[in-house]
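Walk me through this model, chain by chain.

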Amino acid sequence: MKFLIAIILFSSANAFAKLSVVTTTADLAYIAGAVAGDKASVQSIAKGTQDPHFIEAKPSFMVTLNRADLVVAIGLGFENAWLDGIVKGSRNPKIGKGSDGYLEVGTSVDPIEVPAAGFTRADGDVHPEGNPHITLDPIRDGKIAILIGDRMAKLDSGNGKYFQDNAKKFQKDLEDKTKLWEARMKKTGITKAITYHKTLNYFLTRFNVENSGTLEPKPGVPPTANHIIEVINKVKSENIKLILIENFFDPKVGERIKEEVKTVLLKSVPVSVGGDDKIKSLDDLFENLVKTFEEAK
Amino acid sequence: MKHFFLFIVLFSHEAFASSTAGQSAFNPDISVNGLFLDRNGNRGNDANSANPNGFAFQEAEMQFTSDIDSYMRGNALLSVGQTTSQQFDITPEEIYLESLTIPQVTIKAGRFKTAINKHNMLHTHAYPFIDAPLANTELLGDDLTEPGVSAAFLIPVSWYMDLTVQSVRGNNPTMFNNSSPNANVNLARLNNLWDMSDELTAEFAVSYGQGKNSNDMDSKIWGSDLIFKWRPSIMGTYHAIKWTTQYLAGVKGNNPDSEFSKGITTFLQYQFDQRWWVQGRTEYFDRLNGNALAGPFIVKRKSSALVSFDPSEFSEFRIQYDHLRDDQQIAEQRVTLQMNFVMGAHPAHSY
């Protein structure tokens, strides 16, 4: 009994320490970090180089979550394969689903590509609530900052105004930069691109570029020879200039297309903060994507 | 009057619609696993073979998971198995409640897979190989799944340390089958996991259990697991390596001579592409009675190789070769094909 009491006391010992925020992805950690400033600690479970669909539920993440005051997740089924297990294993009632310590931002930022009724798993790895790669849109990132700021203010009212002011500043900054990126993207004249997965659709939609197809025949299904022939025909017939491969996928399949269509620019790109050594912020991430389009024009 | 009836019909329809829509949100997550085999071995044509040749329905598992209320989560797993050529039975493999709101500890009550070793906590569809390790099969029969209570503490240290203590009613046919009431089996397991780097983890667990057997004497069981897992941070969906070694031993009290059994299993799993795994396993098991000078009266050595193709997270096709040396003159050789699929909202597997 004394043992149990000691454990419970230890767990509440840091009740007056600064807020501890754990996010599921590196992009969310970057946003939460901008909101938190020096008044909260922030860490991410997934690394920018990892495909967040397939993070393994390492028990060491339970230790991280055990000490968290707030978990920020994308939702929309993005973390289904691993988050529930580590939240449960953390044995931290503060961050249970439905509590103030658990925040899913996806449904609050108007997700795209919500599938029509009647889809099944035969359609691939479809997310019933919409495309979960929401942080690839700078405008939605601003809204996410506001959501995080409000929730942190609720949990730490003493620093509430500080968090909310930071969130507003972050949102304004990204909105201003988006206008500049929009002008540069328009100048490239590129209106169509192909990607490996539908990871970049929020970015493409924001900057009026159509995703003409994916190297995956269906979400989550690896490319097949027949499908790649269809993609090659599409690239030729629609004069597509750019194929973007998210850098956690094998780029070899893109090289097969490049052999057939020499004019197309094939680029393996990071799609998250920390996706490679040079991408240290969301600004870096979007700047790199815009530059890739400028290179392809 | 007509309007009144119309109002009642419309109102009741509305109420029914909202009620059913609301109720469906509270339905548990449901999944069904199907496991089918095709075996071919040099001992499989014997009518009494434990592994007869040909197609076989291995098992179907129906799993229901849901929060019960603000305080507890419920989990029920019903297993459908084949008893004879035309007969099937349904076994409540696991049905338990788990606490949701107690800091640092998860309390579990019901019938559940005990924490005697890592393998014993796995459901059949999640086995790393098609069959269970020799030591688990020989010492525990199918497994050690019993009704009782469990408390799993997350110990506040800088690495992952979990202490699980359990008290269950022993019904296991091989080790813990005392018929008297309250013949409980008490178990403890201490599990540790260290992040050696972002890509490599090391896990080490020790466990111990004790209870009465049918001879009205003590049975004791103990074991350890040592597991290394490597998955790169870059291109991590394409490659991984796992190396697992488990030791399981037990003493079954008997008069005049107690039986002492021990087994060790080590296996390596290598993911060489997004959907492909190749695996190898080697095992040793022996059992001796009190007369150690006479040597063990059961010795088994087994080697296995497996190739797995996983079209998606929800389906898997595996082929396994086994070579077993035991007390028979000719070693058993067997090739088994397995089809494993899941329908519905299956909860994530543990690490």
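What follows covers chain A and then chain B.

This is a predicted model, in which local features need pLDDT of at least 70, side-chain atom pairs count only at pLDDT 80 or more, and totals for chains, interfaces and linings use all residues. Residues are numbered from 1 along each chain as its sequence is written, and chains are lettered from A and ligands numbered from 1 in the order in which they are written.

Chain A divides into domain 1 (19-173) and domain 2 (175-296); the bounds come from an automatic or database domain assignment. Their C-alpha centres lie 25 Å apart. Domain 1 of chain A gives 28 residues to the contact and domain 2 of chain A gives 27 (contact: C-beta atoms, placed from the backbone, within 7 Å). On the domain 1 side, helix H2 (26-36), H5 and helix H6 (160-188) of chain A each give two or more residues. H5(A) provides the largest share, 5 residues.

Helix H5 of chain A covers residues 138-155 (helices are DSSP runs of H or I, at least four residues; strands are runs of E, at least two; both are numbered from the N terminus). Its 18 residues reach 26 Å from first C-alpha to last, close to the 26 Å expected at 1.5 Å a residue (1.5 Å times one less than the number of residues). Among its buried residues are Ile144(A), Ile148(A) and Met152(A) (buried: 20 or more other C-beta atoms within 10 Å of the residue's own, with C-beta atoms placed from the backbone).

Chain B has 2 helices and 16 strands. Its C-alpha trace spans about 95 × 50 × 45 Å along the principal axes. Of its 351 residues, 29% are buried.

Definitions and conventions. A residue is buried if 20 or more other C-beta atoms lie within 10 Å of its own, exposed if 12 or fewer, and partly exposed in between; C-beta atoms are placed from the backbone. Two residues are in contact if their C-beta atoms, placed from the backbone, lie within 7 Å.
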